[in-house]
Amino acid sequence: MNGLMMDMPLTITTIMNFAEKVHANQEIVSVTADNPLHRYTFGDSFKRARQLANALKDLGAKQGDCIATLAWNDYRHLELYYGISCSGMICHTINPRLFEEQLEYIINHAEDQWVFVDVMFVPLLAKMQDKIPHVKGFVVLTDEAHMPESDLRDLHCYETLISDKPDTFDFPELDENLACALCYTSGTTGNPKGVLYSHRSTILHCYAAALPDVFNISVNDTVMPIVPMFHVNGWGNAYSCLMIGSKVVLPGPKMGDGETLCNLINGEKVTKSAGVPTVWMALLQYLDKTGQKVESLESLTVGGAACPVSVMKAFDERYNVWMHNAWGMTEMSPLGTYNSLSKEQKALPEEELDIVRQKAGRPIYGVELKIVDADNNELPWDGESSGAVKVRGPWITNRYFKAEEENIDADGWFETGDVATVDSNSFMNITDRTKDVIKSGGEWISSIELENCAADHPQVAEAAVVGISHPRWTERPLLVVVTHEGETIDPAEMLAWFDGKVATWWVPSDVVFVESLPHTATGKLSKKDIRVQFKDHTWSK
Ligand code: AMP
């Protein structure tokens, strides 16, 4: 027997309608390239999203079309999120840091019809416009006063485009399974792959993201999403904050600038924020240098890559800000696990707490997670057994955009490519990417654990550990280090830093100092390139 409840589709339009009615006066504050501090309300934002929907219709865009954005986190980008998706079109957020060939590939693969672009990326598109023939035209996210000179075809100014449009629009009734957004994941091999989110998957993810043991956001919070809106929908903040009614602060192009972040936190009384480790390191450096405080700030979410425990402790001890580690990926909308400690964990002695706070945390309801061995046998959650992480759930992909085949196994599980242990408290600890695992003398060594340990050395700015072939041990870990400007470390001292911190046979066999390390477009270490660079390394022992 079916339940006798209303069957209402879970669409992004419902967030817009709800937020406009219930939280119309809540604020959105943005830094943009043309305005150091723009301020308006949810109500104003949705009015403009409807003007945008009218403009898209007049441009000839239809339901199912991909409309691309190449933009930082600000209020116009937010209007695009809603104006596009609620019109039944697909908001294709593009990472502007991708290499030109990748940009060209994904714009063509998605068959984007229009590209909405921040002023600073106009020259990039102008260079490649002949290679992206599906694109009918370009809209620059600015006003007339700041319009750049450009020979881009069918070029519009955003403010002019929407200014004379009505602020009413009859958004279509959409099926909850329709696509609403598209984000390409740029693996280190092959072409980028598109992850196509549905309205339903986005809403369910949004509910989960706001839960107390996840982002824990309330109507009393002021949230500053720093993670780019082009990277997995900004971890869902652009939806959850509006659903909950939290004040939103968007740092625009200044997301990596410690001074801007500090000023926004203090000026707008930001309580929560989310971003990758490098952003928090920049803020920490700025605070330590200037002696400024961030008193309103309660907690930070860090994810996308491992964060050194020294950074977590510095925020806690010097600024009274707790950092929560979160793990996920583009294919997972992105949230999979979140580190929110139980009271028993919080009471652990410092050394044990340092280990626990660094873990990726427990799975969030909605994500089923298991670790498996090479024969796909499920491994116990004993904190020791290390295996490939597989997941399934309503906000996890089962096929890449336009792919012939599904990307899940016969039982419906998606293999994440990460390797982890899970302890008896259900806390996952990521030890590696499957591709980056180091196998020395038949035993696994966690490159992430070694990198975290190296990163805690006061003179180390960034560290990578890769497995390089070794005549005796098949492979041995090689440590590659960038020191802070003007600093040097004696190689023997660097290697001695690991003594007592990791198993003796894990200690890297050598260290090399470099000026900089290669990164992917999402700012992650490109281990593939590091392995190639040092493939012929001659071991000193
Ligand atoms: P992306 O799809 O670009 O978000 O990358 C997802 C990948 O980033 C994951 O599969 C992990 O390898 C890595 N990652 C994400 N969050 C974390 C974290 N908290 N700690 C370590 N690695 C992470």
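**Entry 1: Val511.** I began with the neighbours of Val511: beyond four places in sequence, it is in contact with Leu478, Leu479, Val481, Pro491, Met494 and Leu495 (contact means heavy atoms within 4.5 Å). The model is predicted, so I kept in mind that local features need pLDDT of at least 70 and side-chain atom pairs pLDDT 80 or more, while totals for chains, interfaces and linings use all residues. Residues are numbered from 1 along each chain as its sequence is written, and side-chain values use heavy atoms, without hydrogens and water.

I placed Val511 in strand β25 (residues 510–513); strands are DSSP E runs of at least two residues, helices H or I runs of at least four, both numbered from the N terminus. Val511 counts as buried because its relative accessibility is 13% (buried is under 20% relative accessible area, exposed over 50%, partly exposed in between, with a 1.4 Å probe and protein chains only).

**Entry 2: cysteines.** Next I looked for disulfides, pairs of cysteine sulfur atoms within 2.5 Å, and the whole structure has zero. For Cys183, the nearest cysteine sulfur is that of Cys91, 10 Å away. Cys183 is buried, at 2% relative accessible area.
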